[in-house]
Amino acid sequence: MAEIGTDITKAAALLNQQQLVAIPTETVYGLAANAFSETAVLKIFEAKNRPSFDPLIVHTHSIENFTQVATAIPDQAYQLAEAFMPGPVTLLLPRSNQVPLLVTSGNDLVGVRIPDHPLTLALLKEIFFPLAAPSANPFGYVSPTTAQHVNKQLGDRIPYILDGGACKVGIESTIISFADGEPEILRLGGLALEEIEKVLGKPVKRVKTSSSNPQAPGMLSSHYAPSKRVIIGNINQMLQQYEPDKVGVLSFSEEFAGVPARQQVQLSAAGNIYEAARNLFAGLRYLDTQPINIILAELLPEAGLGRAINDRLRRAAF
Ligand code: TXA
Ligand code: MG
């Protein structure tokens, strides 16, 4: 198993030696390596079993640093960065030659993000390179929101996990592409569409999911999935079709009679969408360990972070 701790000096030393370190962010834990080192970045793909056509997001600590990794940055990108960074958003910008093509899987755009977590920001200031980091989970599985989640699945493949506690947003960053200079949302996430549109003062296009889009596997129809089968619908109706003591239930706030309490997860008893996002992945992971055949889940109201939560649930169920 990996060592878990809060030692930034140790994490920096490992990263300087081209090693991997799991890092906390406000969204989910990342599996980080020196973004400028192909040797280090290759280890990420190995540890995650990640196909090399799936590009990595580059993490840095300030907007000034964007010019290290990106060029020809559009004004609207700066506008969003000023408004929301550090925060749960990633901008896809024209790649600078300093960034190895391995990081972007050959794409002309590079994903750039400033994570909003004090430990990781301190770490980024301690080292002299940005960090390439995907979510710290095996490819296709639910993202980790605690150091223990990371340790359970990747602990035997990495030396160190920087422990920053439970992630306060709990769902991956919203990805905004500037492929043609205009913003387009590739992945809904921790920053709500409404907030983005408010800052830009106009509607923003959403790229539709495709099961065969190799540019963004995070948009694959099946992704973010637990091992148990997830079925989405009206939970009360579904409980009439399935044996209640053999199912798991993932609801927004309601409890269901007949289903054992330990097989139920309420994302937010108070019906708070932020709390629900924070609990989503831990809830799916928990139900995955229960003696059940399937997980019955319901969608949340389709607004704000509810859109991103529903997006993850649909992919988990596909
Ligand atoms: O919140 C997050 O974004 C977390 C934390 C660790 O920062 N990271 C994360 O990374 O979720 P990952 O690799 O699990 O998901 C990033 C998604 C992938 O689906 C990838 O295909 C897409 O972003 N992506 C990254 N760089 C890209 C690029 N240059 N072009 C197109 N898609 C890109
Ligand atoms: Mg991921």
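How near do the axes of helix α1 and helix α6 come, and at what angle do they cross? In this predicted model, in which local features need pLDDT of at least 70, side-chain atom pairs count only at pLDDT 80 or more and totals for chains, interfaces and linings use all residues, the axes of α1 (residues 8-16) and α6 (residues 118-126) come within 10 Å and cross at roughly 50°. Residues are numbered from 1 along each chain as its sequence is written, chains are lettered from A and ligands numbered from 1 in the order in which they are written, and side-chain values use heavy atoms, with hydrogens and water left out.

Helices (H or I, at least four residues) and strands (E, at least two) are DSSP runs, numbered from the N terminus. Axes are lines fitted to C-alpha atoms, for helices over the stretch in contact, and angles run from 0 to 180 degrees between N-to-C directions. The helices α1 and α6 are therefore oblique to each other, given that angles under 35 degrees count as roughly parallel, over 145 as roughly antiparallel, 65 to 115 as roughly perpendicular and the rest as oblique. Helix α1 passes α6 in a right-handed crossing; a crossing is left-handed if the near helix is turned anticlockwise from the far one by less than a right angle, and right-handed if clockwise. In this packing, Ile8, Ala11, Ala12 and Leu15 of α1 meet Leu119, Ala122, Leu123 and Glu126 of α6, where contact means heavy atoms within 4.5 Å. An α-helix has 3.6 residues a turn, so residues three or four places apart point the same way.

The strands form an open sheet of 11 members in the order β1-β8-β2-β3-β7-β4-β6-β5-β9-β10-β11, with mixed pairing, two strands being paired if DSSP finds at least two bridges between them. At the edges stand β1 (3-5) and β11 (205-206), each of which pairs on one side only. Strand β2 (residues 21-23) runs parallel to β8 (residues 160-162), to which two bridges join it, and valine 21 stands opposite tyrosine 160 in β8. Helix α2 (residues 38-48) packs on the sheet, where it touches β3 (30-34) and β7 (131-132), and its direction makes about 155° with that of β3.

Several residues of α2 are buried, namely Ala40, Val41, Ile44, Phe45, Ala47 and Lys48, where buried means under 20% relative accessible area, exposed over 50%, and partly exposed in between (1.4 Å probe, protein chains only). The elements that cover these buried residues include β3, α5 (101-104), β7 and α7. Just after α2, asparagine 49 takes a positive phi of about 60°.

Strand β6 (residues 109-113) is largely enclosed by the rest of the structure, because five of its five residues are buried. Both of its faces are covered, with Leu109, Gly111 and Arg113 buried on one side and Val110 and Val112 buried on the other. On the β4 side, β4 (residues 57-59) and β6 pair in the parallel sense over three bridges, and isoleucine 57 stands opposite glycine 111. The pairing of β5 with β6, by contrast, is antiparallel and spans four bridges, with leucine 93 opposite valine 110.

Further along the sheet, β9 pairs with β10 (residues 184-187) in the antiparallel sense over three bridges, and isoleucine 176 has isoleucine 185 as its bridge partner in β10. The hairpin of these two strands has six residues between them, and glycine 181 in this hairpin takes a positive phi near 85°. Strands β10 and β11 run parallel and are joined by two bridges, with isoleucine 185 standing opposite arginine 206. From β10 the chain passes through helix α8 (residues 193-200) to β11 in a right-handed β-α-β crossover, a crossover being right-handed if, with the strands pointing away from the viewer, the path from the first strand over the helix to the second runs clockwise.

Helix α8 also packs against α4, at an angle of about 120° and with the axes 10 Å apart, and these two helices are therefore oblique to each other. Residues Gln76, Gln79, Leu80, Ala83 and Phe84 in α4 meet Glu195, Ile196, Val199 and Leu200 in α8. Helix α4 (residues 75-84) itself lies across β5 (89-94) and β9 (174-177), and runs at about 155° to β5.
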